[in-house]
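Hi,

Here is the structure I promised to hand over. Please open it first, then read my notes below.

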Amino acid sequence: MSARVSVLLAAVVVAASTCSLVVAAPPVDEESAAADPGNAEFNAFEAIGHPDPDTRLMAAERLGRMRGRRVVSALLRAMYDGDQRVQAAAARGLRHRRDKRAIPALAEVLMGQLPQVASTVSNVKDVDVTLNYNPGFEEGVSNDNGYLLGRQQGGGYGWTYQFLGAGKGNVWDESTAYPSGDCPSGKHALRVGAEHGHGYTVVYSTLWQQLDHGAKYRASVHVRAAGKFGADGADRAQLVVQVMNKSWQLYTVHRASPVLKADPKYVEQAIEFEAQKGANAEPLVARLILETHIAEPYPDAWVTYDDCELRKIRQ
Ligand SMILES: [Ca+2]
């Protein structure tokens with residue numbers, strides 16, 4: 001059921017930025033003139049497509065201080081610029097606008113830039129048991145919140161939280177903040193919400209154990225979406241598995257069918273995949289990701305995860 005998806009983030013970035021160079025920039029308007037009274041000759045809308053990356057960087061920074069719907073569109077295109085400085089400036093410019101159009105672009109770019117740090121803890125003695133530490137969030141997960149490019153990370157005990165949304169994101173341990181006795185493991189689960197709406201949160205664990213070439217694996221998690229989750233068509237909660245070598249080069253990405261609507265019951269998401277040989281028969285490792293997009297502000301909607309694990313399938 002797992003679809004093999006090539007990870008071509010770099011190619012996407014290059015292709016998108018190439019397109020941005022050939023598409024004619026919109027003419028200057030009152031919007032930009034009003035925003036730059038001291039430098040009316042500098043047209044940020046045109047400069048964002050300039051071949052020189054320093055000029056594009058200046059334009060992205062200028063656009064980040066301007067207002068208007070066209071500004072958001074220009075910054076969204078700049079998120080796919082071939083220069084990472086321009087991407088970062090565009091992300092900063094989009095960060096506090098709470099424009100839901102920004103989330104897919106922010107997510108696509110930033111998901112490819114998760115920190116290259118593996119979990120250093122492991123309870124693995126036999127691959128017949130789960131490969132990841134703390135699969136049920138049974139201990140040590142913390143309550144945390146953050147903004148894109150603000151205080152981005154939280155987590156603990158093998159799990160890291162990244163807050164990539166347009167608004168403030170939250171992750172709680174339900175055992176301390178809310179009753180969680182009905183979760184599949186019976187105790188402790190992980191609740192994700194978006195305080196300001198338009199939240200995009202990534203909770204992940206990178207596993208250090210080498211996958212066996214040719215072996216089959218099963219990743220799974222129990223998910224419950226609550227409240228008005230799904231009222232916005234972009235809402236989704238999804239298990240993702242990235243397979244990479246130990247130089248962090250992504251080989252394959254496997255995505256479970258996402259949860260799109262609220263349901264009072266937990267549902268299990270599962271992915272089965274075969275660990276294939278890399279180009280040079282390199283050792284491969286896996287990263288489990290719980291990807292959540294919630295448009296509705298908390299407490300109108302939230303998502304809870306429990307028992308996220310990776311096991312080798314006995315053959
Ligand atoms: Ca649990």
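Helix α5 (residues 69–78) has Val71, Ala74, Leu75, Arg77 and Ala78 as its buried residues. Buried means 20 or more other C-beta atoms within 10 Å of the residue's own, with C-beta atoms placed from the backbone; 12 or fewer is exposed, and in between is partly exposed. Helices are DSSP runs of H or I, at least four residues, and strands are runs of E, at least two, numbered from the N terminus. Down the axis of α5, the buried residues fall within an arc of 155 degrees, so they line one face of the helix. The arc is that of the directions from the helix axis to the C-beta atoms.

Two notes on the source. This is a predicted model: local features need pLDDT of at least 70, side-chain atom pairs count only at pLDDT 80 or more, and totals for chains, interfaces and linings use all residues. Numbering starts from 1 along each chain as its sequence is written.

Six strands form an open sheet in the order β1-β4-β5-β12-β7-β10, with antiparallel pairing. Pairing takes at least two DSSP bridges between two strands. β1 (144–146) and β10 (267–274) are at the edges with a single partner strand each, so one side of each has no neighbour in the sheet. β5 (residues 190–194) and β12 (residues 301–312) pair over 3 bridges. Arg191 stands opposite Thr304 in β12.

Best wishes
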